[in-house]
Amino acid sequence: MIDLKPWGELNTQELSEAGICIMGVAFDGAVSVGKGAALAPERMRLLSRYLPAVTETGNVINQLKVYDAGDVPTDLDWQRYFKAVEDEAHKLLASDKFCLFLGGDHSVTIPLHKAFGHQYKGKQKKIGVIHFDSHCDICDTYDNHKWSHACTERRTLEDVIEPGDLSFLGIRSWESEELDYLQDHPEVMVIKARDVFMDGYLAAYQKLAARYENYDAIYFTLDIDVLDPAFAPGTGTPEAGGLTSRELLELVKLIVANLPVRAMDIVEVSPTLDHADITSWAALKVIYEVFGCLNDKG
């Protein structure tokens with residue numbers, strides 16, 4: 001059944017009724033290769049109208065409503081725009097709802113992480129970041145800018161979390177600067193894409209579960225290029241050898257269902273580079289399984 005509203009029958013216009021808040025950050029000014037991610041929030045909303053509120057295993061999502069705050073208005077002043085993203089994200093995080101942010105390129109996670117830190121850092125809470133990606137994004141600068149999508153976690157490590165609070169999964173592409181940083185900071189957990197292939201997704205999840213056993217709040221950032229390009233061709237910097245859709249879905253469900261994830265983003269979906277909306281549909285599949293996990297949590 002087609003519903004005219006984004007998120008279909010799950011949509012609510014009342015924040016108080018919602019179990020999850022969605023906000024779009026339609027920005028791709030920091031990409032280094034292929035653009036188009038700024039179009040992803042609206043494309044995913046459009047396609048979501050066609051989806052029933054049911055998980056892949058047939059569980060009806062009937063205890064959860066979705067409040068969509070729309071996109072942060074575009075601003076040509078990059079610094080002012082990122083501050084607006086941070087402020088608007090913090091308003092949603094302060095509602096104590098699960099927050100899902102739709103990028104945009106991965107640079108938008110810089111202000112989103114800041115908002116998350118503002119909400120949860122201190123207050124007797126231990127916070128961490130799980131980062132799914134084919135790249136580590138810990139360059140100090142890239143393309144002569146500190147807000148490149150290749151610098152996301154480097155900025156976060158400066159004022160939001162410590163290296164021991166950060167975990168990567170799916171990595172299979174490296175800058176030499178990143179390798180130097182990781183050698184100097186072995187407390188950063190790195191689970192390579194090959195590790196997932198060789199040892200299995202469950203072993204990867206168990207490493208994450210052990211690391212975050214005593215954490216109070218986790219931000220989960222998911223770059224769609226963690227998937228192999230066969231499953232997600234519509235992204236700006238595709239890398240061969242990535243996760244399958246099945247591996248990603250299983251990992252996402254385990255993480256959201258069992259770890260203290262309070263906020264999440266999905267970034268680097270580029271409709272202009274996509275084929276038959278394969279990548280947008282993959283992102284939506286992940287989103288609806290997240291809905292299902294939250295629905296089961298009550």
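The conversation below concerns a predicted model and takes up its aromatic pairs, its backbone and its surface charge.

Visitor: How are the ring planes of Trp7 and Tyr288 arranged in their pair?

Guide: The structure holds 12 aromatic pairs. In the one formed by Trp7 and Tyr288, the ring centres are 6.4 Å apart and the planes stand at 35°. Planes under 30 degrees apart would count as stacked and those over 60 as edge-to-face, so the pair is tilted.

Visitor: How many residues apart in sequence are the parts that Trp7 and Tyr288 tie together?

Guide: Trp7 belongs to the segment before β1 (11-12), and Tyr288 to helix α9 (residues 278-297). The pair therefore ties together parts whose separation in sequence is 281 residues.

Visitor: Is Trp7 buried or exposed?

Guide: The cut-off for a buried residue is under 20% relative accessible area. Trp7 has 1% relative accessibility and therefore counts as buried.

Visitor: Which residues form a cluster with Phe27 through ring pairs?

Guide: Phe27 pairs with Tyr81 in a tilted arrangement, with centres 5.5 Å apart and planes at 35°. This pair links distant parts of the chain, since Phe27 lies in the loop between β2 (20-25) and α1 (40-48) and Tyr81 in helix α2 (residues 78-93). Both residues are buried. Ring pairs join Phe27 into a cluster with Trp78, Tyr81 and Phe82.

Visitor: Is Asp137, with its positive phi, buried or exposed?

Guide: Most residues other than glycine have a negative phi. Asp137 has a phi of about 55° and lies in the loop between β5 and α4 (152-159). Asp96 also has a positive phi, near 65°, but is exposed with a relative accessible area of 64%. At 5% relative accessibility, Asp137 counts as buried.

Visitor: Which residues gather with Lys125 in a patch of positive charge on the surface?

Guide: Lys125 is located in the loop between α3 (109-120) and β5 (127-132). Its relative accessibility is 39%, so Lys125 counts as partly exposed. The residues that gather with Lys125 in the positive surface patch are Lys123, Arg262 and Lys297.

Technical notes
Residues numbered from 1 in each chain as written. Predicted model: local features only at pLDDT ≥ 70, side-chain atom pairs only at ≥ 80, totals over all residues. Heavy atoms only, no water. Patch = residues over 30% accessible without salt bridge, like charges linked within 9 Å, V, L, I, M, F, W, Y side chains within 5 Å. Areas by Shrake-Rupley, 256 points an atom, 1.4 Å probe, with all protein chains shown as cover. Salt bridge = Lys/Arg side-chain N within 4 Å of Asp/Glu carboxyl O. Lys, Arg positive; Asp, Glu negative; His and termini not counted. Charge placed at Lys NZ, Arg CZ, Asp CG, Glu CD. Helix = DSSP H or I, 4+ residues; strand = E, 2+ residues; numbered from the N terminus. Buried < 20%, exposed > 50% of the residue type's maximum accessible area, 1.4 Å probe, protein only. Phe/Tyr/Trp six-rings, centres within 6.5 Å; stacked < 30°, edge-to-face > 60°.
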